[in-house]
Amino acid sequence: MLVNAQKEIPGVGCTYDADVTSFLNEYLKLKKECGYPLSFNTIMMKVLVEGLKAVPRLNAHFEYNHTSASGRLIIKKHIDVAMAICLESGETFQVKVKQLEDKSLQEMSAQIEDIKDRLSKTNIKRALFELAGQRMAGYAAKGKLYTTFAQFISAYFGKGKIAQFHRLFIKKHSKPSSAKGKYEGLRSDDFGEGTVCFTNWGTLYENLDVNITYIPPLYPQVFLFGTGRIKDVEYAFRDENGNVDIGTKKVLPLTLVFDHKIGGAADIMPFIKKLDEIFANPEVMREW
């Protein structure tokens, strides 16, 4: 999907340094008081959801025909966030956190914890096997027979094959149950593209001091939201007596990447304004 994005999406990337001084303090208070596990990753996902609710055009898929230079924007009813999760083995998988538009912070936290638990029980090869089959069926339905055939050969016979051909007929690939009982891991639908992509590099390295400048959205998504790591930034200000002084604030680098075919400032500015509103009035998170 990322390779397709490089061909299909004329991407625009911008960085947005958010002053989260008050927001972080309010989050730390809420985390102590809420009575359930609440990560900063979850609170930022909720910020993303609130921004998308203000600008539904960013929660969409785009279909485009290069031959006719025409296409259509499909605004999605549900907000399904594709989020990267790293395993202890070092492998990273993009999983979907589904239908977040009306979920509370507590419900979101429980859903994310459930995904992490189910991921530890997941038969990754089977999930990828199913996902490959679904994507090939989708290509075939669109008349892309050459692509379907090429991916079939690669998936089942090539160097990067995900399953031996004869396993198509093995019972464990066709049914979720097993000798040990009901299968509790993630399935192929949990590894799809979602409606928007959320990436949090800030959790990967304690001393991270870089800003993400561009990552293509997962085609056919039109928007990607990335977070860096909170850092202390010195700034000059005037006190009540008009004297210039130096202070410190907490800054969170955010990256916004979008498909330029859907528009420009008219689409991204309302999203930024919504985030400005949230960061300026962080007590709103207690209503989430």
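Which way does H3 pass H8 in their crossing, right-handed or left-handed? I opened my notes with that one, and the crossing turns out to be right-handed. For the term, I noted that a crossing is left-handed if the near helix is turned anticlockwise from the far one by less than a right angle, and right-handed if clockwise.

**Ground rules**

I am working with a predicted model, where local features need pLDDT of at least 70, side-chain atom pairs count only at pLDDT 80 or more, and totals for chains, interfaces and linings use all residues. Residues are numbered from 1 along each chain as its sequence is written, and side-chain values use heavy atoms, with hydrogens and water left out.

**The chain as a whole**

I looked up the confidence, given as pLDDT (the predictor's confidence in each residue, from 0 to 100). The mean over the protein chain is 79, and 78% of its residues reach 70 or more. Residues 168–179 have pLDDT below 50, and in the model this stretch makes 12 contacts beyond near neighbours in sequence. Contact here means heavy atoms within 4.5 Å.

I then listed the elements: the protein chain has eight helices and nine strands. These are DSSP runs numbered from the N terminus, helices being H or I of at least four residues and strands E of at least two.

Of the chain's 288 residues, 42% count as buried. Buried is under 20% relative accessible area, exposed is over 50% and partly exposed is in between, using a 1.4 Å probe and protein chains only. Looking at contacts between residues at least 6 apart in sequence, I found that 68% join residues at least 24 apart.

**H3 against H8**

Back to the opening pair. H3 and helix H8 (residues 265–280) pack at about 130°, and their axes are 9 Å apart. Axes are lines fitted to C-alpha atoms, for helices over the stretch in contact, and angles run from 0 to 180 degrees between N-to-C directions. The two helices are therefore oblique to each other. In the scheme I used, under 35 degrees is roughly parallel, over 145 roughly antiparallel, 65 to 115 roughly perpendicular, and the rest oblique.

From H3, the residues in this contact include Met-44, Val-47 and Leu-48, and from H8 they include Phe-271, Lys-274 and Phe-279. By class I have nine nonpolar, one polar and two charged residues. Ala, Val, Leu, Ile, Met, Phe, Trp, Tyr, Cys and Pro count as nonpolar, Asp, Glu, Lys and Arg as charged, and the others, Gly among them, as polar.

**H3 against H4**

H3 (residues 40–54) also meets H4: their axes come within 10 Å and cross at roughly 120°. That makes H3 oblique to H4. H3 passes H4 in a right-handed crossing. The contact uses Thr-42, Ile-43, Met-45 and Lys-46 of H3, with Leu-105, Met-108, Ser-109 and Ile-112 of H4. I get five nonpolar, two polar and one charged residues there.

Leaving aside neighbours within four places in sequence, Thr-42 touches Leu-105, Met-108, Ser-109 and Ile-112.

**Two single residues**

Most residues other than glycine have a negative phi. Gln-99 sits in the loop between strand E5 (92–97) and helix H4 (105–119), and it is partly exposed at 40% relative accessible area.

Ser-70 lies in strand E3 (residues 70–75). Ser-70 is partly exposed at 36%, and beyond its neighbours within four places in sequence it contacts Glu-63, Tyr-64 and Asn-65.
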